[in-house]
Amino acid sequence: MAHSFPPSCLSLSFLVVLILLFEIIRNVKAADILDDVCPKTINPQLCFHVLKNDPYVYKGDIHSLVSISLSVAQDNTTSTYNLVKSLLQQPIKDPNLKAQLTNCLNNYKDAGDKLESCSNLFRTDDYREINLLASAAFNDSRACDQGFGEPPAQLKQLSQTVQEFSDLVSVIAYDLK
Ligand SMILES: *[C@@H]1O[C@H](CO)[C@@H](O)[C@H](O)[C@H]1NC(C)=O
Ligand SMILES: *[C@@H]1O[C@H](CO)[C@@H](O)[C@H](O)[C@H]1NC(C)=O
């Protein structure tokens with residue numbers, strides 16, 4: 001008679017195989033969702049860079065991707081607002097620079113309000129409005145950059161992240177609406 005494994009051992013190895021399979025499928029799905037969405041945005045590299053290791057993105061769920069992207073946009077909008085505010089608190093001799101920074105502070109206040117509204121609109125799945133508001137927040141951030149000949153380096157980097165993730169939110173919302 002052939003040697004047979006005790007049943008508990010068999011079901012254990014079956015479980016291990018199942019878990020491995022599940023992990024593989026999960027990873028493939030995660031790669032798919034970013035491969036599908038990131039190239040549609042203005043800065044695909046930044047999209048992949050920030051999201052590829054996010055544990056929630058791994059679920060391959062488009063709704064979680066949009067809410068994570070929104071929180072990245074919101075966090076960086078808040079940081080940009082605070083940065084501009086701190087720049088304005090320093091003595092500034094150049095009146096043009098002061099005016100640009102003041103405009104910029106208003107742009108980021110507006111962007112923050114719009115992204116906040118987006119986060120409330122998730123409850124009603126109003127993707128049409130989310131698409132519009134995220135795109136408007138993108139425009140606010142770009143308006144800040146365009147006010148300068150060359151934006152301060154720190155500001156430029158934060159602005160890029162805000163623009164990429166606002167764009168990402170609007171791209172996904174456009175697909176979902
Ligand atoms: C921008 O957002 C990312 C993701 O939320 C966060 O890790 C990073 O700290 C933020 N940067 C700033 C300066 O807020
Ligand atoms: C953002 O700016 C673009 C280009 O100027 C414009 O076509 C678009 O309508 C603006 N989006 C919103 C929501 O204001």
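Guide: An axis here is a line fitted to C-alpha atoms, for a helix over the stretch in contact, and angles run from 0 to 180 degrees between N-to-C directions. The model is predicted, with local features needing pLDDT of at least 70 and side-chain atom pairs pLDDT 80 or more, while totals for chains, interfaces and linings use all residues. Residues are numbered from 1 along each chain, chains are lettered from A and ligands numbered from 1 as written, and side-chain values use heavy atoms, without hydrogens or water.

Let us begin with helix H3, residues 62-89, and helix H6, residues 153-176, whose axes come within 8 Å and cross at roughly 150°. Helices are DSSP runs of H or I with at least four residues, strands are E runs of at least two, and both are numbered from the N terminus. The angle makes H3 roughly antiparallel to H6 (over 145 degrees; under 35 is roughly parallel, 65 to 115 roughly perpendicular, the rest oblique). H3 passes H6 in a left-handed crossing, that is, the near helix is turned anticlockwise from the far one by less than a right angle; clockwise would be right-handed. Where H3 meets H6, the contact residues comprise 16 nonpolar, 9 polar and no charged (Ala, Val, Leu, Ile, Met, Phe, Trp, Tyr, Cys and Pro are nonpolar; Asp, Glu, Lys and Arg are charged; the others, including Gly, are polar).

H6 also packs with H5, at an angle of about 160° and with the axes 8 Å apart. This angle makes H5 roughly antiparallel to H6, and their crossing is left-handed. H5, residues 127-146, in turn packs with H4, residues 95-121, at about 165°, their axes being 8 Å apart. H4 and H5 are therefore roughly antiparallel to each other, and H4 passes H5 in a left-handed crossing.

Ligand 1 is surrounded by Val-72, Asp-75, Asn-76, Ser-79 and Leu-158 (near means a heavy atom within 4 Å). By class, this shell holds 2 nonpolar, 2 polar and 1 charged residues. A polar side-chain atom of Asp-75 is 3.3 Å from an oxygen atom of ligand 1, and an N or O atom in the side chain of Ser-79 is 2.5 Å from an oxygen atom of ligand 1. Of the 360 Å² of accessible area that ligand 1 has on its own, the protein covers 49% (Shrake-Rupley method, 1.4 Å probe).

Around ligand 2 stand Leu-132, Ser-135, Ala-136, Asn-139 and Arg-142. An N or O atom in the side chain of Ser-135 is 3.3 Å from a nitrogen atom of ligand 2, while a polar side-chain atom of Asn-139 lies 2.3 Å from an oxygen atom of ligand 2. The protein covers 37% of the 360 Å² of accessible area that ligand 2 has on its own.

Definitions and conventions
Polar contact = N/O pair within 3.5 Å; in protein donor to acceptor, adjacent residues only side chain to side chain.
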